[in-house]
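Please read these notes with the structure open beside you. They go through it point by point, from single residues to the whole chain and back.

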Amino acid sequence: MNTDIEIIQKVLAGNIAMYNLLVQRYRNKVFSLAYSIVSNREDAEEIAQDAFLKAFKGLRSFKEKSSFGTWMYRIVVNTALNKKKLKKLKTVEGKNAITEDKQFDFDSLTDNLKRDDQKKFIRMALNAVNEQERLCLTLFYLNELSVKEIQEITGISESNVKVVLLRARKHLYEQLHKLLNCEVKNLI
């Protein structure tokens, strides 16, 4: 299996089709990261496509100071935050009435109900914590990045990343506790 660096070298040497290997390798994590920021499936798909295109166009500027994944996630974060700002600006200006898609995608209502409910509550709890905490949680747990890599992507110092993660876990737990208590009360 080719390493990311080997693939990049082949792409830069003219074998553009090799870039597809990087897309395949990172597409799920890139989408998940974008979704965690914008909370909208269509926007996250668009952000992922834009980010891969930006990465491809800027591949020559990749300096190997960090891993390709870290560099790619930085592009995703910037692209998603810019899209989110533009969306808020359009909403504030009243040019377009934009409503966020708050529906949760369930694979199967019968076979995967327990797992889907867990996902639903985790997404709801994640959406309830602040943006910085949600981003750090997603990068650390879903994308399995180190604190150092999160620091490179977000620009937050390593010690502050640790503090944000600690606070984020506490807030996520509190949100899950509230959501699940409300759910139990509604069932009774």
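Between which two helices does the loop that holds Ser39 lie? The loop lies between helix H2 (19–38) and helix H3 (41–57).

1. Basis of the notes. This is a predicted model, in which local features need pLDDT of at least 70 and side-chain atom pairs count only at pLDDT 80 or more, while totals for chains, interfaces and linings use all residues. Residues are numbered from 1 along each chain as its sequence is written, and side-chain values use heavy atoms, with hydrogens and water left out.

2. Overall content. The protein has eight helices and zero strands, and along the sequence its pattern reads α-α-α-α-α-α-α-α. Helices (H or I, at least four residues) and strands (E, at least two) are DSSP runs, numbered from the N terminus.

3. Burial and surface. Of the 188 residues in the protein, 36% are buried. Buried means under 20% relative accessible area, exposed over 50%, and partly exposed in between (1.4 Å probe, protein chains only). The accessible surface of the protein is about 11700 Å², and carbon and sulfur atoms hold 54% of that surface. These areas come from the Shrake-Rupley method with a 1.4 Å probe; for residues, only the protein chains shown count as cover.

4. Contacts along the chain. Among contacts with a separation of 6 or more, 61% are between residues 24 or more positions apart. Contact means heavy atoms within 4.5 Å.

5. Helix H1. In H1 (residues 4–12), the residues Asp4, Ile7, Ile8 and Val11 are buried. They lie on the same side of H1 because they cover an arc of only 100° around the axis; the arc is that of the directions from the helix axis to the C-beta atoms. An α-helix has 3.6 residues a turn, so residues three or four places apart point the same way. Just after H1, Gly14 has a positive phi of about 120°.

6. Two loop residues. Ser39 has a phi near 55°, a positive value in a residue other than glycine. Glu144, in the loop between H6 and H7, also is not a glycine and has a positive phi of about 55°. Ser39 counts as buried because its relative accessibility is 9%, whereas Glu144, at 62%, counts as exposed.

7. Arg134. This residue lies in helix H6. Arg134 is buried but has no salt bridge, and the nearest side chain of opposite charge, Glu131, is 4.6 Å away. A salt bridge is a side-chain nitrogen of Lys or Arg within 4 Å of a carboxyl oxygen of Asp or Glu; for charge, Lys and Arg count as positive and Asp and Glu as negative, with His and the chain ends not counted. Beyond neighbours within four places in sequence, Arg134 is in contact with residues including Ser36, Ile37 and Lys84.

8. Gln132. Gln132 also lies in H6 (residues 131–142). Gln132 counts as partly exposed because its relative accessibility is 37%. Leaving aside neighbours within four places in sequence, Gln132 is in contact with Ile156 and Val164.

9. Thr154. Thr154 belongs to helix H7 (residues 147–154) and, at 19% relative accessibility, counts as buried. Its side chain reaches the backbone oxygen of Ile150 at 2.8 Å. A polar atom of the Thr154 side chain lies 3.2 Å from the backbone nitrogen of Ile156. Not counting residues up to four places away in sequence, Thr154 touches Arg74, Leu135, Leu139 and Val161.

Methods:
A polar contact is a pair of N or O atoms within 3.5 Å; within protein, one must be able to donate a hydrogen and the other to accept it, and residues adjacent in sequence count only if both atoms are side-chain atoms.
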